[in-house]
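Hi everyone, thanks for making time today. I'd like to walk you through a structure that may be new to you, so please have a look at it with me.

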Amino acid sequence: MAATATNILVRLKRVDIWLPKIVIAPSFAASLFFVYAFIGWTVYISFTRSGVLPRYELAGFVQYVRLWNTPRWYVALENLVVFGVLFMAICLVVGIILAILLDQRIRAEGALRTIYLYPMALSFIVTGTAWKWILNPTLGIEKLMHDIGFASFQFDWLVNREMAIYTVVIAGVWQSSGYVMALFLAGLRTIDDEIIKAAAIDGAGPARTYLGIVLPMLRPVFLSAVIVLSHLAIKSFDLVMALTAGGPGIATDLPATFMYAYAFQRSELGLAAASAVMMLVTIMAVVVPYLYSELRAGRR
Amino acid sequence: MNARQVHGIVRPKNAVHTALRIVLFAILGLFALYYLLPFIVMVITALKPLEEIRGGNLISLPRNPTLEPTLRAWDSACVGVRCEGLKQYMWNSVAMVVPAVLFSTMLGAINGYALTKWRFRGADLIFGLMLFGAFIPFQVVLLPMARTLGILGLAGTTTGLVLVHTVYGLAFTTLFFRNFFVGVSNGIVQAAQIDGAGFFGIFFRVMLPMAPPAFVVTVIWQFTQIWNDFLFGIAFTAGDSNPATVALNNLVASSTGVKEYNVDMAAAIIAAIPTLIVYVFAGKYFVRGLAAGALKG
């Protein structure tokens, strides 16, 4: 009797050695195909002369040469730098200030936090639609200022080639700064009160305490916020489509809208693939070192 | 020592302190207004007839509030050439989001369990390789995905979108459940094994009953991400099968006739309501997902 029982147990155990791998297999296969093989395909196509239809004869760097000779690509890159730097900097400043202020034992903290963060739950299309109306050059904020009494107030950024990219910054900051606040608030809560008290006893004022002691301790939070924000900035697509559709003209084109336009509107597969590969490389340059250090830290 | 300890900083309790608190609340209040104002403007605008929009301004309250723009946005506003409102597209989004969330969450749960409680050789490598998928810009898979959907006969269908969202959601759902199950004691698994429970027995009878918090966080995260998706929607569907976000964008961009700002705003509110409801009722879990997603973005 006992022998058969052990026997069954052993046999069950043997099944259990294989089952976890069998269970993971479909997801892992999906990942290999839909992520790695797809990236491989896109990279391959970026080295061909593919136009409307994919062609599979390799042609070297011809698409990359074309890409870097396309003025519109430079517009997209310049916009990405302007948008990315401002978006990240303002989100960080606003988010950190809000987190520090909220951390002063505020009575309505829960409600305020909810209000600051709700834009994160909205689609960028909804955000874009709302801000498009608010920034409307005739009926929007301009009209409001006229009604209040500033008759000469002018606000035409949405249709102004030079300024339109800043409207994307305004809407993007509105949507994402609450997220930075939440990250830093969680970080502040992990800091030992004793350290801050000690600083106060040593005579450090609030500003010195935060700038000199607390914020440097939050370096990991800082890092993940920068990673998340840069990731959001490089992938930005929805917001631009809803707010300006890349216009006026191509004034607010970003790499993501550039890629979409060449892939699905102009049917230049090779060039679109090359621009997508450039986006991938940029994001990897930011994310891979971070991911590597995170995974290593996790193993320790 | 006439000092009171406020979280972190020691401050004397006096007039200066009171003044500082007032300034603090004023700043926090102004920021609250900044975040709320766009939504308030949307609601006000959606309730106004068109003449009042032209006559008034962004924050002038509606004198004759009307639900007509909302009904039009739902029922008869033009999206491209079709003038049937958003309703069909909202159902498209529901038909896309429900199965995609279900599949990706279930797969993520069992993946997370297998990766942490049955640590086989290479489990970390497999997880690392899968996690990579959470970071890629989706532009890099758009072209091959479009071709694959075409070959599978799923181009322009909701089923195709379900497949896309399930596949690219796996990295996140696996991450969420892995992080959850890592915190579950291995002793529980060993005890269940001694009692004769196998891989699936332990999963269904021991792990799943413990996992509702992980499920709530994952479902909310996936629901919000997939409902709000625009890129896959616009790239892989056309016309009738558009999800709500794409239809909203098309509705606002439709430039036939008079621009009806009130209908645009009503449509935006309609498209936002499902995720807003989730946020209002389960905000705590939404924030937790965001924190876990910090790794991702």
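Let's start at Ala268(B). Leaving aside residues up to four places away in sequence, Ala268(B) touches Met42(B) and Leu248(B) in its own lettered chain, B, and Val126(A), Thr129(A) and Ala130(A) in chain A. Please keep in mind that this is a predicted model.

The assignment for chain B places domain 1 at 3–66 and domain 2 at 87–295. How many residues of domain 1 of chain B are in contact with domain 2 of chain B? There are seven, and they meet seven residues of domain 2. On the domain 1 side, the elements giving two or more residues are helix 1 (15–47) and helix 2 (50–55) of chain B. Helix 1 of chain B supplies the largest share, four residues. Sorted by class, that side of domain 1 has five nonpolar residues, one polar and one charged.

Next, the contact between the chains. Here 77 residues of chain B are in contact with 91 residues of chain A. Which element of chain B gives the largest share of its side? That is helix 13, residues 261–292, with 14 residues. By class, the chain B side divides into 57 nonpolar, 18 polar and two charged residues.

Let's step back and look at chain B as a whole. Its secondary structure comes to 13 helices and two strands. Why is chain B described as more spread out than a compact globule? Its radius of gyration is 25 Å, well over the 19 Å that the globule rule gives for 297 residues, so chain B is more spread out than that. Along the principal axes, the C-alpha atoms of chain B fill a box of roughly 75 × 75 × 35 Å. Of the 297 residues in chain B, 47% count as buried. If you take the contacts in chain B with a separation of 6 or more, 75% of them are between residues 24 or more positions apart.

You'll find Phe180(B) in helix 7 of chain B, residues 158–182. Is Phe180(B) buried or exposed? It counts as buried, because it has 23 C-beta neighbours inside 10 Å. Not counting residues up to four places away in sequence, Phe180(B) touches Gly112(B), Ala211(B) and Ala214(B). Thr116(B) is 64 residues from Phe180(B) in sequence, yet their C-alpha atoms are 9.4 Å apart in space.

One last stop, over in chain A. Helix 12 of chain A, residues 255–265, is mostly covered, with eight of its eleven residues buried. Among them are Pro255(A), Phe258(A), Met259(A), Tyr260(A) and Tyr262(A). Just after helix 12 of chain A, Ser267(A) takes a positive phi of about 50°.

That's my tour, and I'm happy to take questions.

Technical notes. Residues are numbered from 1 along each chain as its sequence is written. Chains are lettered from A and ligands numbered from 1 in the order in which they are written. This is a predicted model: local features need pLDDT of at least 70, side-chain atom pairs count only at pLDDT 80 or more; totals for chains, interfaces and linings use all residues. Domain bounds come from an automatic or database domain assignment. Two residues are in contact if their C-beta atoms, placed from the backbone, lie within 7 Å. Ala, Val, Leu, Ile, Met, Phe, Trp, Tyr, Cys and Pro count as nonpolar, Asp, Glu, Lys and Arg as charged, and the others, Gly among them, as polar. The radius of gyration is taken over C-alpha atoms; the globule rule is 2.2 Å times the number of residues to the power 0.38. A residue is buried if 20 or more other C-beta atoms lie within 10 Å of its own, exposed if 12 or fewer, and partly exposed in between; C-beta atoms are placed from the backbone.
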